[in-house]
Each structure stands twice: as structure tokens, then as C-alpha cells.
Amino acid sequence: MLSQKLHAAINEQINAELWSAYLYLAMSMDAEAKGYKGVANWFYVQWLEEQDHARIFMNYLNSRDCKVELKPIAEVRTEWSSVLEMFQETLKHEKVVTGLINNLAAIAAEDKDFASSNMLVWFIDEQIEEEESARDMIFACEAVESDKYGMYQLDKELAARTYTQASPLASSAE
Ligand code: FEO
């Protein structure tokens with residue numbers, strides 16, 4: 001069993017991951033509506049990955065005999081002024097998530113809960129990647145700003161992103 005504090009914080013994190021999923025799905029739909037099919041694909045993959053993150057935490061709570069308590073998913077914004085703005089919000093949001101993961105790691109360390117600390121290592125590494133990919137996308141958008149053909153090319157590039165299931169889920173059939 002986990003400490004009550006860590007159990008509650010992971011339940012909150014499941015909600016945060018599902019909210020992230022919903023945010024990226026909204027970005028995908030907005031990009032689709034504006035004709036950016038590649039950008040829509042990039043954010044669609046992001047929505048799948050965030051659901052993996054929630055599932056990893058849910059599987060973990062179940063494996064530690066702790067109940068998953070699902071909470072309402074708060075409303076998300078549905079319109080962005082540009083693709084650049086979507087990626088700027090992505091970076092801002094991922095920085096918040098990094099803070100939440102760090103907070104979980106701090107609670108696990110305080111509890112001397114080594115199994116939880118170990119589980120969180122994957123998320124700590126993942127957040128480095130999440131922030132880096134958002135920064136890369138901001139850089140790419142800034143590079144093609146006011147160049148419609150460049151944006152067209154970037155959109156085609158983003159269409160190639162594919163979903164790979166998160167490694168902690170790879171061995172389970174779920
Ligand atoms: Fe679940 Fe984008 O971090």
C-alpha cells in the first residue's frame with residue numbers, strides 16, 4: 001500500500017494526464033478544422049500517449065492495492081490562433097506536468113517508497129522528452145512563420161508521426 005498522501009496525489013495525476021489527453025485532442029480537432037492534417041496527426045498521437053500515461057498510473061495503483069478514483073475532466077480550450085500558439089501552450093503545459101511529476105517523486109522519497117520512486121523514473125525521463133519536443137516544434141513553427149509553403153512542408157512532416165505504446169505498458173495486454 002502507498003501512503004494516503006501519495007495515493008491521493010497519483011489519483012490527481014491520473015486526472016491531470018486525462019486532462020492533458022483532452023487538451024491535445026482539442027488541439028488536434030482545431031488543427032483538423034483549419035486544414036492542418038499533419039498537425040492534427042501530431043496532436044492525435046499526443047492524445048494517445050497521454051492516455052498511456054494515465055493507464056500506467058492506474059495499473060500502478062491497482063498493483064499496489066490502491067483504488068483508482070476517477071474525477072471529472074475539466075473543460076479545455078478549443079481554439080488557437082495559430083499552430084505556433086498550440087505548441088507554445090503545449091510547452092507551458094508540459095512544464096506544469098513536470099512540476100507535478102517532481103512533486104510525486106518528492107512524496108515518494110519522503111515516504112521512502114522505493115517502488116514508487118522507481119516507477120516515477122520513467123515519467124521523469126518522459127517529461128524531458130515532452131518539453132524538448134514542444135520546444136523543437138516551436139522552433140520549427142518560428143522558422144516557417146509567414147512562409148505558407150514552409151508551413152505546408154512542416155504539416156506534411158508532422159503527418160509522419162506514429163504512435164508507439166509507452167514501454168511500461170508494452171508487456172501488459174491492456
Ligand atoms: Fe503525460 Fe505530456 O505528459
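Author: Lys 71 is partly exposed, because its relative accessible area of 36% falls between the limits of 20% for buried and 50% for exposed. The model is a predicted one. Lys 71 sits in the loop between α2 and α3. Its C-alpha atom is separated by 24 Å from that of Pro 168, a residue 97 positions away along the chain.

The loop between α2 and α3 also contains Asp 65. Asp 65 is not a glycine, yet its phi is positive, at about 65 degrees. With a relative accessible area of 61%, Asp 65 counts as exposed, because the value is over 50%. A positive phi is found at Lys 112 too, where the angle is about 55 degrees and the residue is again not a glycine. Lys 112 belongs to the loop between α3 and α4. The relative accessible area of Lys 112 is 61%, so this residue is exposed.

How many aromatic pairs does the structure hold? There are eight. One of them joins Tyr 24 and Phe 43, whose ring centres are 6.0 Å apart and whose planes meet at 25 degrees. The centre distance is within the 6.5 Å limit for a pair, and the angle is under 30 degrees, so the rings count as stacked. This pair connects distant parts of the chain: Tyr 24 lies in helix α1 (residues 4-33) and Phe 43 in helix α2 (residues 37-63), 19 residues apart. Tyr 24 is buried, with a relative accessible area of 0%. Phe 43 has a relative accessible area of 0% and is buried as well.

Phe 43 also pairs with Phe 87, again in a stacked arrangement, with 4.9 Å from centre to centre and 25 degrees between the planes. This second pair links Phe 43 in helix α2 to Phe 87 in helix α3 (residues 83-111), and the two are 44 residues apart. Phe 87 has 0% relative accessibility and therefore counts as buried.

Charged contacts come next. How many salt bridges are counted? The count is nine. Among them is the bridge between Glu 110 and Lys 5, in which the closest N and O atoms are 3.4 Å apart. Here too distant parts of the chain are joined, since Glu 110 is in helix α3 and Lys 5 is in helix α1, 105 residues apart. Glu 110 is exposed, with a relative accessible area of 55%, whereas Lys 5 is partly exposed, at 47%.

Lys 34 and Asp 30 form another salt bridge, with 2.8 Å from N to O. Lys 34 is partly exposed, at a relative accessible area of 38%. Is Asp 30 buried or exposed? Asp 30 counts as buried, because its relative accessibility is 6% and the limit for that class is under 20%.

Arg 55 and Asp 52 also meet in a salt bridge, at 3.6 Å from N to O. Both residues are in helix α2 and three residues apart, so about one helical turn separates them. Arg 55 is partly exposed, with 23% relative accessibility. Asp 52 is buried, with a relative accessible area of 2%. Salt bridges with shared partners also make a network, and its members are Asp 30, Lys 34 and Glu 79.

Which residues make up the patch of negative charge? Asp 125, Glu 129, Glu 132 and Asp 136 gather there, on the surface. Glu 129 is located in helix α4 (residues 114-144). Its relative accessible area is 52%, so Glu 129 counts as exposed.

Technical notes: Residues numbered from 1 in each chain as written. Predicted model: local features only at pLDDT ≥ 70, side-chain atom pairs only at ≥ 80, totals over all residues. Heavy atoms only, no water. Patch = residues over 30% accessible without salt bridge, like charges linked within 9 Å, V, L, I, M, F, W, Y side chains within 5 Å. Areas by Shrake-Rupley, 256 points an atom, 1.4 Å probe, with all protein chains shown as cover. Salt bridge = Lys/Arg side-chain N within 4 Å of Asp/Glu carboxyl O. Lys, Arg positive; Asp, Glu negative; His and termini not counted. Charge placed at Lys NZ, Arg CZ, Asp CG, Glu CD. Helix = DSSP H or I, 4+ residues; strand = E, 2+ residues; numbered from the N terminus. Buried < 20%, exposed > 50% of the residue type's maximum accessible area, 1.4 Å probe, protein only. Phe/Tyr/Trp six-rings, centres within 6.5 Å; stacked < 30°, edge-to-face > 60°.
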